[in-house]
Amino acid sequence: MSDSEFECTPPEVRVAAERATEGIIPEKSRERYENTYELYSKWCVAKGVQHTSETVLLAYFCEISKQSKASTLWSRYSMLRAVLNFRHNVDISNYAKLKAFLKRKNVGYQAKKSKYLPQKVALIIGISGACRCDELLKMKISDLDILENRIIIVIPVTKTYSSRTFVITKSEWINIIKQYCDLRNNIDSDRFFLQIRFGKITRQPFGHNAIGSFPKKIATYLKLENVNRFTGHCFRRTSATLLANTGGDILQLKKLGGWKSNTVAEGYVENSLHGQIKIANMLSHVENPETSASSSISETHNFEQHGLTLTVNSNHNSNVTINIYNSK
């Protein structure tokens, strides 16, 4: 605003306006927005550009389009639009030539393996957090905090009416989720899982039955047997089984799945491969039956003195039992 507008505006109104504009940039993704703006700022400095215009942005996107996919171009456009509007009061959404350029770059482009991308992301998130089908259905983009080397996911409302948080740290999985987020970044929808048609993401979210069929589709793609047995609960059951098989205890299982009772967690621990191997190892170290029987053979010695009988029993395991009786 101008100096005169600034002086005439009451302080409390200015503070309220500043708080309102802070919401333009999503708090969860602020780091990515800032990084995108920083790259653009460095390019401007290198080119001697002092002000943002449609011509400048056309030159910038023309240059980065040589090494970036169409989905990445739209993602950077969306983030720059928000930051430039917030910091410099520049609305690039009115730049018709720039949008026409981006649309032309999008012609004939089909994201690599984008058809199954939502299923991949659901598989990663579902197993990482032992998610129920309904939790994946209601997941919002604001529930994910996407950082450089980890993704923090919060499930605000669960079947047990308590929130649950889990983290994804595997770099390969993080890259797949970021790839999906880049595709849906320009879509005006708070639902996280959106449908992809003809290589493009739409505003249409997946329904309950569609998400519930994800495990079956994955099993079919992998050519597994009995694909009809892969229901929407598979992600949650697989997650608990994997944790139990790697030695997870009841407390860890309850925290992973948000179970309040020990019954379910105990079932996974008792039936886990890790538990079965532990039992097998214990049994394999039991002594030979003949050796065990011989070790149980004991020797008895009796001593009598002053009306008392002293009985000493000993065996090969060095166990000694002493009994004293009155011989009278």
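Helices here are DSSP runs of H or I with at least four residues, strands are E runs of at least two, and both are numbered from the N terminus. The model is a predicted one: local features need pLDDT of at least 70, side-chain atom pairs count only at pLDDT 80 or more, and totals for chains, interfaces and linings use all residues. Residue numbers start from 1 along each chain as its sequence is written, and side-chain values use heavy atoms, with hydrogens and water left out.

**View A. A nonpolar patch around Tyr-221.** Tyr-221 sits in helix 11, which covers residues 214-221. With Tyr-116, Leu-222 and Leu-224, Tyr-221 makes a nonpolar surface patch of about 430 Å² accessible area together. Patch members have over 30% relative accessible area and no salt bridge; nonpolar side chains (Val, Leu, Ile, Met, Phe, Trp, Tyr) are joined within 5 Å, and like charges within 9 Å. Areas come from the Shrake-Rupley method with a 1.4 Å probe, and for residues only the protein chains shown count as cover. Tyr-221 counts as exposed because its relative accessibility is 57%; the cut-offs are under 20% for buried, over 50% for exposed, and partly exposed in between (1.4 Å probe, protein chains only).

**View B. The largest nonpolar core.** This core has 33 residues, and those with the most contacts inside it are Ile-125, Leu-136, Leu-144, Ile-168, Ile-177, Phe-192 and Phe-193. A nonpolar core is a set of buried Ala, Val, Leu, Ile, Met, Phe, Trp, Tyr and Cys residues joined through side-chain atoms within 4.5 Å. Elements that each supply at least two of its residues include helix 7 (117-128), strand 3 (164-168) and helix 11. Helix 9 gives the largest share, 6 residues. Another core, of 25 residues, lies apart from it, with Ile-25, Tyr-33, Tyr-60 and Leu-73 among its members.

View C. Helix 7 has 12 residues and spans 17 Å from first to last C-alpha, close to the expected 16 Å, where the expected span is 1.5 Å times one less than the number of residues. This helix is mostly covered, with 9 of its 12 residues buried, including Leu-117, Val-121 and Ile-125. Beyond neighbours within four places in sequence, the partners in contact with Ile-125 include Cys-131, Met-139, Ile-153 and Phe-166; contact means heavy atoms within 4.5 Å. Just after helix 7, Ala-130 has a positive phi of about 50°.

View D. The whole structure holds 8 salt bridges, each a side-chain nitrogen of Lys or Arg within 4 Å of a carboxyl oxygen of Asp or Glu. One of them pairs Asp-182 with Arg-32 at 2.6 Å, N to O. That pair links distant parts of the chain, helix 9 and helix 3, 150 residues apart. Within helix 3, Glu-38 and Lys-42 are 4 residues apart, about one turn of the helix, and their side chains meet at 3.5 Å, N to O. Glu-38 is partly exposed at 39% relative accessibility, while Lys-42 is exposed at 53%.

View E. Asp-134 and Lys-138 meet in a salt bridge of 3.2 Å, N to O. Asp-134 counts as partly exposed, with 33% relative accessibility, and Lys-138 as exposed, with 55%. A network of salt bridges links Arg-132, Glu-135 and Arg-164.
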